Amino acid sequence: NVGKKVLSPLRHVGQMAFTNYIMQSVLGLIIFSSLGFSYYEKGSPSVLIGIVVFIYLLQITFSKTWLKHFYFGPLEWLWRCISYFKLMPLKRK
């Protein structure tokens, strides 16, 4: 199925949704807001879209690489440990 093949890289991002959401928020705060580089006010729309696409491609790559070595994303693991009141296994064997 062509759709499944095209969308398959996104499954890793979905498995690490909490981590990626927080990472996207922090990077956006640093790059675009007045607390960081204020690039939102300086960049053209096409450059801003390019930055966003680049960040998302980084997240796809990071998620896939991370999940090769670990069962969960870092924040997903932390959330599970807190929820179950015990240390969950993280590293794949």
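Modeller: Helices here are DSSP runs of H or I with at least four residues, and strands are E runs with at least two, numbered from the N terminus. This is a predicted model, in which local features need pLDDT of at least 70 and side-chain atom pairs count only at pLDDT 80 or more, while totals for chains, interfaces and linings use all residues. Residues are numbered from 1 along each chain as its sequence is written, and side-chain values use heavy atoms, with hydrogens and water left out.

Colleague: How many helices and strands are there in the protein chain?

Modeller: The protein chain has 6 helices and 0 strands, in the order α-α-α-α-α-α along the sequence.

Colleague: Why is the protein chain called more spread out than a compact globule?

Modeller: The globule rule is 2.2 Å times the number of residues to the power 0.38, and the radius of gyration is taken over C-alpha atoms. For 93 residues the rule gives 12 Å, whereas the protein chain has a radius of gyration of 16 Å, well over that value, so the chain is described as more spread out than a compact globule. Along the principal axes, its C-alpha atoms fill a box of roughly 45 × 40 × 20 Å.

Colleague: What makes histidine 12 buried?

Modeller: A residue is buried under 20% relative accessible area, exposed over 50% and partly exposed in between, with a 1.4 Å probe and protein chains only. Histidine 12 has 11%, so the residue counts as buried. Histidine 12 lies in helix α2 (residues 10-15). Beyond its neighbours within four places in sequence, histidine 12 is in contact (heavy atoms within 4.5 Å) with Ser63, Lys64 and Leu67.

Colleague: Why is the pair of phenylalanine 18 and tryptophan 79 called edge-to-face?

Modeller: Rings of Phe, Tyr and Trp (its six-membered ring) pair if their centres lie within 6.5 Å; planes under 30 degrees apart are stacked, over 60 edge-to-face, and the rest tilted. By this rule there are 4 aromatic pairs. In the pair of phenylalanine 18 and tryptophan 79, the centres are 6.0 Å apart and the planes stand at 75°, so the pair is edge-to-face. The two residues are 61 residues apart, phenylalanine 18 in helix α3 (residues 17-32) and tryptophan 79 in helix α6 (residues 74-84), and thus link distant parts of the chain.

Colleague: Are phenylalanine 18 and tryptophan 79 buried or exposed?

Modeller: Phenylalanine 18, at 35%, is partly exposed, whereas tryptophan 79, at 55%, is exposed.

Colleague: Why are the rings of phenylalanine 62 and tryptophan 66 called tilted?

Modeller: Their planes meet at 40° and their centres are 5.8 Å apart, so this pair is tilted. Both residues lie in helix α5 (residues 45-69), 4 residues apart, about one turn of the helix. Phe62, Trp66 and Phe70 form one aromatic cluster.

Colleague: How do you know that phenylalanine 37 is exposed?

Modeller: Its relative accessible area is 57%, so phenylalanine 37 counts as exposed. Phenylalanine 37 is in the loop between α3 and α4 (39-42).

Colleague: Where is serine 38, and why does serine 38 count as buried?

Modeller: Serine 38 lies in the loop between α3 and α4, and its relative accessibility is 14%, so serine 38 counts as buried. Its phi is near 55°, a positive value in a residue other than glycine.
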